[in-house]
Amino acid sequence: MKMTFRWYGEGNDSVPLKYIRQIPNCSGIMGVLDQYAAGEVWPLEVIQDYVKHVNSFGLEVEVIESVNVHEDIKLGLPTRDKYIENYIQTIKNLAQCGIKVIVYNFMPVFDWLRTDLNREIEEDGSTSLYYDQKELEGMTPQMLVQKTAETSGGFTLPGWEPERLAELDRVLKLYESVDEEKLLENYKYFLEAIIPTCEEVGVRMAVHPDDPAWPVFGIPRIAHSKEQFDRIVKLVDSPANALCLCTGSLGSSPDNDIPAAIRHFGEMDRIACTHVRNVKYLGEKRFREASHLSADGDLDMFEIMRAIYETCPDVYIRPDHGRMIWDEQARAGYGLYDRALGIAYLNGIWEALEKTDKKNK
Ligand SMILES: [Mn+2]
């Protein structure tokens with residue numbers, strides 16, 4: 001496995017690359033260039049400079065996240081072909097700079113959603129991201145957008161790009177005529193167009209699960225269960241059509257057995273990268289994010305790491321989110337301290353797996 005850390009770019013992240021390099025076993029970052037709106041081409045020279053800069057700190061960039069899919073592609077509008085062409089050009093440019101995996105999602109309108117970004121955990125006074133379906137039902141999408149922006153501490157949030165949300169009313173209206181089957185059909189069209197290029201240039205597409213793992217605001221969502229991912233990997237049958245298995249997103253629903261899902265798709269060679277974190281269930285469709293420790297949440301991190309170790313040991317891993325601890329000021333979920341603790345813990349599990357494995361041979 002390759003342990004990595006998400007980084008938002010110079011001037012856009014509270015965590016310097018130098019600190020990331022100092023986390024034990026962390027060999028690279030999962031990067032993002034969020035100055036480009038969905039549908040725009042990421043220029044080759046800009047990616048080259050970015051990779052060179054990260055490399056100069058002794059870190060690799062082999063995974064890029066949030067190459068966002070334009071809504072017109074998800075909606076299946078006639079204008080989609082132009083945006084798909086741009087997407088293909090971005091794939092080629094990224095591949096030329098040594099990128100091996102592109103993380104994206106096919107969630108309409110909204111990416112991940114929370115009803116509170118800074119929920120205090122009573123036991124220890126730390127804060128974490130929190131979701132309550134009942135609270136969400138009392139809000140319009142516009143209200144949630146406003147609340148998220150107001151409580152983000154001035155940091156940009158992935159999936160909450162201003163240009164995407166400025167169009168909220170218009171786009172929500174367009175989705176009234178798109179159901180799950182139609183969305184899947186549009187998804188297939190997109191994958192059929194891009195996967196041949198991915199195969200040619202050696203890039204794997206890694207789709208991120210819906211978060212939370214159920215539909216919200218009546219908008220269709222098609223990527224939050226093992227059954228749905230089985231359909232997705234079959235849309236185009238290629239190792240380049242793969243998953244970013246995010247344990248916390250899929251795990252927001254207790255119906256999903258995460259170690260079993262890892263084993264299933266790991267054995268099929270369809271997991272290109274993983275986000276590993278824990279969640280704590282607080283009730284029906286109500287949860288908060290927890291520290292990585294199994295005992296602090298409801299996911300069994302040992303079984304998760306064992307499933308990775310046994311079925312896709314070469315995968316890229318990053319701690320997904322962390323709590324905000326020790327009074328750190330950072331982008332919600334993306335502070336240094338708790339994510340670094342998460343890596344140390346996951347490293348420990350991995351070492352135990354490796355050493356017991358050798359003993360048993
Ligand atoms: Mn994730």
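The largest nonpolar core has 94 residues. Such a core is a set of buried Ala, Val, Leu, Ile, Met, Phe, Trp, Tyr and Cys residues joined through C-beta atoms within 7 Å. Buried means that 20 or more other C-beta atoms, placed from the backbone, lie within 10 Å of the residue's own. Ile102, Ala206 and Leu243 have the most contacts inside this core. Its largest share, seven residues, comes from helix 9 (residues 180-201). Helices (H or I, at least four residues) and strands (E, at least two) are DSSP runs, numbered from the N terminus.

This is a predicted model: local features need pLDDT of at least 70, side-chain atom pairs count only at pLDDT 80 or more, and totals for chains, interfaces and linings use all residues. Residues are numbered from 1 along each chain as its sequence is written.

Look at isoleucine 102. Leaving out residues up to four places away in sequence, Ile102 touches Ile64, Val67, Ile91, Leu94, Val203, Met205 and Ala206. Touching means that the C-beta atoms, placed from the backbone, lie within 7 Å.

Now move to arginine 323, in the loop between strand 12 and helix 14. Arginine 323 is buried because 26 other C-beta atoms lie within 10 Å. Beyond four places in sequence, arginine 323 touches residues including Thr127, Glu289 and Asp338.

Asp338 is also one of the buried residues of helix 14. That helix (residues 337-360) has 24 residues and reaches 35 Å from first C-alpha to last. The expected span is close, at 34 Å: 1.5 Å times one less than the number of residues. The helix's buried residues pack against strand 1 (2-6), strand 2 (26-31), strand 9 (271-276), helix 13 (301-311) and strand 12 (316-319).

Key:
Buried ≥ 20, exposed ≤ 12 C-beta atoms within 10 Å, placed from the backbone. Contact = placed C-beta atoms within 7 Å.
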